[in-house]
Amino acid sequence: MAISWFQAAILGLFACLCSNSCMAGQAVGNYTIGRPLVGGLVCGLILGDLKLGIACGVAMQLVYIALVTPGGTVSADVRAISYIGIPLAMVAITSKGLAPTGSSAADLAKSVGTLVGTIGTVLFYAVATLNLVWQSFGWKDVQNGKLGKLYSVNFGWPWISHAIFSFLPTMFLTYYGSTAVTALRNALPMDGVAMKTLFTVGGMLPCVGIAILLRQIVSKPIDFIPFFVGFTLAASLHLNLVSVTVISLLFAVIFYEVEMAKGSSNTPTAGAVSAGNDDDEEEDI
Amino acid sequence: MQKTEDIKTIDKKTLSHSFHLWFWGALTCFSQEHMQTFGYMSSMLPIIKKLYPKHDDQVKAIHAYTAFFNTNPMLGTVIVGITASMEEARANGKQIDGETINDMRAGLMGPIAGIGDSLIDGTLIPILLGISLGMSTGGSPVGAIFYIVAWVLIAYFGQRFLYFRGYKFGDKAVSFLVGAQGAAVRHAVGVVGSMVVGGVLATWVNVTTSFKLRGSDGKVFLNLQDKLNSIYPGLLTVAITLFCWWLMSKKHVSAIWTMIILVGVSLVGVLLGVFNPGLSY
């Protein structure tokens, strides 16, 4: 598989739309176009191998299922994962002759995507830094009372930041990177330590994504229990995710009622303490 | 034409314009220093232009929004709606000044960021993605299309609802957001989130070991993976996940370093023969 200049340029345009501080808005850009699952669809359409694109997108989406950006800090960059990582992974998988939907293709995709995504955070900070220039224009406009110009500060000038730090890097890396990836094929044999490690890491990386979510959810050890119940339902009882969600809704209703009952029957401060103890006792039984 | 002493109200078209500016532009001109400040100013601009016919008043009014602003852009829509209603009250000569508006904004952006990140980024999106991933198994585009349609509809109409609710209730909306009922809803949604995340992990991630002990006759007498499965299916997957969680939340290791540590664990495991993806050309 080779990537033409034209294909590389379209990938670059999508990178502008989706990268954080994205030109297509947060909900549509970052949270839709930027998700690897959607990126897989787009890259699959652009590169003409829908099945492989989706398979790579699915694999990478697992790693980044919880791409939370607390306080505007990023640990991975969606433009790099979805529009540099997925195309390169597609090239790598094709050149290695792996089955598109197999687990080894998925593990390779995860490793390539994570590597590129992590390095890609540089692009995020570069865009945010260049935007300071446009913002300085904006402060002058506010001082001089030219309020109408604020629209071009917010919606126009940042395109330049993205042309430099989203469009160009994506276009060049996907165009030249695909040649490099193909050349690497013989350098690293599949049964060597390097490739074995790469594939093993690929299989483990989604654990980091889930752990980031857990860090948000778990504030005390007891919070692990719903997580383990969900895991057991799927791992031991082999329920699918819709079924797990339906069962969890029942627990959600119970928790809501308990919480509301707590609030109405007790004074807030004393109630919180005694209700907390009741919870613990119930869990012990 | 209305006289200046008449009550000024913002019409629906202006509110809608302001909402769209926020929906598309909350973060377009992002920088580490000012974050969403410019997104906020541009979404307040139609409202200010509507409420203050005189240019000098407009310039004076916009200064209330030059302060630093950053929150969860989805749930944060409610704050923009609330300030629209407060700005209206200010234009009508109520006891509200720029400082009151700014205090409310500054006071809400922290809690809304926390609630929004855990409810939307941490719960709603992983649930949607988890379900969509299942539909895209085997390279089918159905899951990706389902996610696009479901999420964009939820995001657009959800944020629209939040904006107009914020406008309708003004600063009274604050008490629901941080009140007891809001907390109960968050707790309940959090339970759904935790269970689905557990399900996502079990469905999609499968860390296995290839470690086997062989007797002198070459027969396998200990297959570690089979033993682990008989204790608790997926034990190794959960163990690696908890290890990552422990590193990040207890040892304060960053996500990137956690990944690098996993590379080390894998390398050692491959060398010892614990992990083997079993690939060849």
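This text goes through chain B of a predicted model, then chain A. Residues are numbered from 1 along each chain as its sequence is written, and chains are lettered from A in the order in which they are written. In this predicted model, local features need pLDDT of at least 70, side-chain atom pairs count only at pLDDT 80 or more, and totals for chains, interfaces and linings use all residues, while side-chain values use heavy atoms, without hydrogens and water.

Chain B holds eleven helices and two strands, where helices (H or I, at least four residues) and strands (E, at least two) are DSSP runs numbered from the N terminus. Read from the N terminus, its order is α-α-α-α-α-α-α-α-β-β-α-α-α. Chain B has a radius of gyration of 26 Å, well over the 19 Å that the globule rule gives for 281 residues, so it is more spread out than a compact globule. That radius is taken over C-alpha atoms, and the rule is 2.2 Å times the number of residues to the power 0.38. The C-alpha trace of chain B spans about 100 × 40 × 40 Å along its principal axes.

Of the 281 residues in chain B, 52% are buried, meaning under 20% relative accessible area (1.4 Å probe, protein chains only). Among contacts (heavy atoms within 4.5 Å) in chain B between residues at least 6 apart in sequence, 67% join residues at least 24 apart.

The UniProt record, an unreviewed entry, places the feature "transmembrane region" at residues 119-138, 144-163, 184-205, 230-248 and 255-275 of chain B; such annotations may be inferred rather than shown by experiment. In the model, residues 184-205 of chain B are 95% helix and 0% strand, with end C-alpha atoms 31 Å apart. Residues 255-275 of chain B are 86% helix and 0% strand, and here the end C-alpha atoms are 22 Å apart.

One residue can be followed in detail. Leu51(B) lies in helix H2 (residues 37-51) of chain B and is buried, with a relative accessible area of 1%. Beyond its neighbours within four places in sequence, Leu51(B) is in contact with Lys8(B), Ile10(B), Glu87(B), Glu88(B) and Ala91(B).

Chain A has 13 helices and zero strands. Buried residues are 55% of its 285 residues. Of the contacts in chain A with a separation of 6 or more, 76% are between residues 24 or more positions apart.

Technical notes
Buried means under 20% relative accessible area, exposed over 50%, partly exposed in between (1.4 Å probe, protein chains only).
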